[in-house]
Amino acid sequence: MAHLSSRRTRALAVPVGLALTASLGFLPTATATAAPTGEPASASVRTDGPKLSYVVNTRGGHSTVKDVEKAIAKAGGTVVIAYEQIGVIVVHSQNPAFGETIRRVRGVESAGATRTNPIVPQATKDVGSIAEPLTAEQAAAAAADAKADEDPLEPLQWSLPAIKADQAHKKSLGSKKVTVAVIDTGVDDTHPDLAPNFDSRASANCVSGAPDTTAGSWRPAAGESDHGTHVAGTIAAAKNGVGVTGVAPGVKVSGIKVSNPDGFFYTEAVVCGFLWAAEHGVEVTNNSYYTDPWLFNCKNDPDQGALVDALTRAVKYAERKGTVNVAAAGNSRQDLASDAIEDTTSPNDSETVTRTVDPSACPDIPTMLPGVVTVSATGAKGLKSSYSNYGRGVIDVAAPGGDSTIYQTPEPPAVNGLILSTLPGGRYGYKAGTSMASPHVAGVVALIKSKHPYAPPAAVKALLTVEADAKACGEPYDINGDGVIDAVCEGGKSYNGFYGAGVVDALDAVRW
C-alpha cells in the first residue's frame with residue numbers, strides 16, 4: 001500500500017519493495033437502540049475533556065442495559081447505540097474519568113475507550129493502498145489469450161487455478177442465496193463486475209458505530225481507500241464477459257463500511273459490522289484489517305481488554321446466527337504463535353510506544369479471536385508470501401495473496417505476482433497482502449455454503465480445512481535468497497505454522 005505507516009488493512013503494494021497498509025468497521029440490528037438517555041450529567045462530572053468513543057460491555061439483558069444507560073448519562077456519557085443482544089453499548093463522552101467511573105457501575109463487566117485521539121470532524125484524504133495498475137497492454141494481451149469460457153482478464157488471475165477455482169466454475173459458480181459481507185473500507189457496487197451480484201439489503205455504513213442504510217452509504221467516498229472494492233471482486237466478481245472473475249462468481253456480495261475517512265477501523269464500527277451481517281442473514285464475512293488503534297490488544301489493560309471483550313461478543317453472536325467469519329493474518333512477517341512480539345506501531349492514532357507483547361494475552365483482533373478463520377498468504381510459486389504473518393496454532397488455512405514478482409513470478413500468461421481485482425470507477429488493478437488472501441478463502445467458504453446450505457459454521461469450517469490441500473513447510477525459508485532464514489515454519493505437512501491445514505481448494509468445495 002502507499003504508506004509504510006499505514007498498516008490497518010491487510011493489503012500491501014510491491015512496486016519497488018513491500019509496504020503495509022490499513023482498513024475498516026460497522027453494525028445495525030433490530031434490537032439495537034440509538035436514542036440518548038436524556039438524563040443530565042451530574043453537576044460534579046467534568047465534560048471539558050477530549051471527546052472520546054467508548055464501548056461499555058454489560059452483563060444480563062434489556063433491564064441491565066437500561067440501568068447502565070442511566071449510569072452512563074450520570075457519568076457524562078451519551079449513548080450512540082446499544083446492542084442489547086450482546087450487551088455492548090457505544091458511548092461518547094468528554095469526561096476524562098468516564099471509563100474509570102463506568103467500570104464501577106453494577107452490571108458493567110468492562111468498558112474502554114476505542115481510540116486515543118479525540119473524535120473530530122474527519123477531512124477526506126487518501127489513505128488507500130497504492131498497488132500496481134493494470135496496463136492497457138496487459139489487458140489487451142489477456143483478452144487475446146482468454147478462452148471462450150473465460151472473462152477477458154481471467155488469464156492474468158493466476159490465483160484462480162492456484163486454488164482450482166477455474167475447475168470449480170465448470171461445476172458450480174455458487175448460489176445467489178449465499179451472501180458474503182465485505183467488512184472493509186466500502187464497496188463500489190456500481191462497478192460492472194460487482195453490480196450483478198451486489199446485495200444492497202445486507203449493506204450499510206457502520207463508521208459511527210450505528211448503521212446508516214442510506215443508499216450508497218457503503219461506497220468509498222472520493223479519495224478514500226479502494227481496498228474494499230478490490231476485496232469484493234476477488235470474492236464475487238461476476239462471470240459476465242467483463243473484466244475479472246471472482247472465486248465464487250455466482251454468490252452475492254455486500255459492503256459494510258467500517259473505516260472512517262482517515263482509514264481507521266475503530267471497535268464500535270467493527271462491532272456494528274458483525275452485528276449488521278448477523279442480523280441480515282449473511283453467511284460469510286471477510287475481514288481484511290485489524291482494529292485500531294492497537295495492533296495487539298492486551299486483555300489486562302482496562303481499555304484494550306474492553307475492546308477484545310466487545311469484539312469477542314460480536315464475533316460469537318454472528319457465528320451463533322450462522323455466519324462464518326474469515327480474517328487476514330496480517331503483513332508484519334511476525335510469528336503470531338511466539339511468546340513475545342515487539343509492537344512499535346501502537347497506538348496508531350496518536351503517539352506510538354514500543355512494547356513487547358505476548359500475542360496469546362494480547363491478540364490481534366478480530367484475526368485472533370476464537371472461531372475466526374485466520375488466513376496466511378501465498379505467492380505465485382505457492383510459498384508463504386514474504387510479508388505474511390504466520391504461526392502454528394494460529395493460522396487455519398492459506399490462500400493466494402500475492403508477492404513481489406521478483407520473489408514469486410507467475411507462469412504465463414499471467415505477468416504480475418500480485419492479485420488482480422476490481423477498483424472503484426469500473427477500473428481494475430493489482431494488490432498484494434493477506435488482505436487479498438482472506439477473500440479467496442471467503443469465496444471458497446461461500447462455495448461450500450452453496451453446496452451445503454444448512455451446514456452450521458462449525459461444519460463449514462471443518463469442510464474448509466479437510467478439503468484444503470496440505471502443504472509441508474519445505475526447505476528453510478529464505479525468500480530473497482540472501483542466505484539468511486527469513487522465518488521458521490513449525491509443524492508437519494498436515495498442519496504447520498505457514499499454511500495451517502493447507503491451501504484452500506475450491507474444486508473440492510463444490511464436489512464434496
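Q: Does Asp184 count as buried or exposed?
A: This is a predicted model: local features need pLDDT of at least 70, side-chain atom pairs count only at pLDDT 80 or more, and totals for chains, interfaces and linings use all residues. Numbering runs from 1 along each chain as its sequence is written, and side-chain values use heavy atoms, without hydrogens and water. Relative accessible area sets the class: under 20% is buried, over 50% exposed, and in between partly exposed (1.4 Å probe, protein chains only). Asp184 has 0% relative accessibility, so Asp184 counts as buried.

Q: Which strand holds Asp184?
A: Elements are DSSP runs numbered from the N terminus: helices (H or I) have at least four residues, strands (E) at least two. Asp184 falls within residues 179–184, which form strand S6.

Q: Which side chain makes a polar contact with the side chain of Asp184?
A: A polar contact is a pair of N or O atoms within 3.5 Å; within protein, one must be able to donate a hydrogen and the other to accept it. Residues adjacent in sequence count only if both atoms are side-chain atoms. At 3.4 Å, the partner of Asp184 is the side chain of Thr185.

Q: For the UniProt "active site" residues, what is the largest C-alpha distance?
A: The unreviewed UniProt entry puts this feature at Asp184, His227 and Ser435. They are spread over 252 residues of sequence but cluster in space, with a largest C-alpha distance of 10.1 Å. UniProt positions follow the numbering used here, feature names are shortened, and annotations may be inferred rather than shown by experiment.  The value is 10.1 Å.

Q: Which helix holds His227?
A: His227 is buried, because its relative accessibility is 0%. Its helix covers residues 227–236 and is H6.

Q: How many residues of H9 are buried?
A: Helix H9 covers residues 434–451. An expected helix span is 1.5 Å times one less than the number of residues. For the 18 residues of H9 that gives 26 Å, which agrees with end C-alpha atoms 26 Å apart. H9 is mostly covered, and of its 18 residues the number buried is 17.

Q: What distance separates the end C-alpha atoms of helix H8?
A: H8 has 19 residues, 302–320. At 1.5 Å a residue they should span 27 Å, and the model agrees, so the distance is 27 Å.

Q: Which residue's side-chain oxygen reaches the backbone nitrogen of Asp303 at the start of H8?
A: At the other end, H8 is followed by Gly322, with a positive phi near 105°. At the start, the oxygen comes to within 3.0 Å of the Asp303 nitrogen, and it belongs to Asp301.

Q: Which side chain is in polar contact with that of Arg355?
A: Arg355 lies in strand S12 (residues 353–357). Its relative accessible area is 15%, so Arg355 is buried. At 3.1 Å, its partner is the side chain of Gln304.

Q: What is omega for the peptide bond from Ile365 to Pro366?
A: Most peptide bonds are trans. Ser346 and Pro347 are joined by a cis bond, with omega about -10°. Pro366 sits in the loop between S12 and strand S13 (373–378). The bond from Ile365 to Pro366 is also cis, with omega near 5°.

Q: What is the phi of Arg333?
A: Most residues other than glycine have a negative phi. Lys164, in the loop between H4 and helix H5 (165–168), has a positive one near 65°. Arg333 lies in the loop between strand S10 (324–328) and S11, and is partly exposed because its relative accessible area is 42%. Arg333 has a positive phi of about 60°.

Q: What C-alpha distance separates Arg106 and Val68?
A: Arg106 is in the loop between helix H2 (98–102) and strand S5 (108–113). At 81% relative accessibility, Arg106 counts as exposed. Arg106 and Val68 are 38 residues apart along the chain, yet their C-alpha atoms are separated by 7.7 Å.
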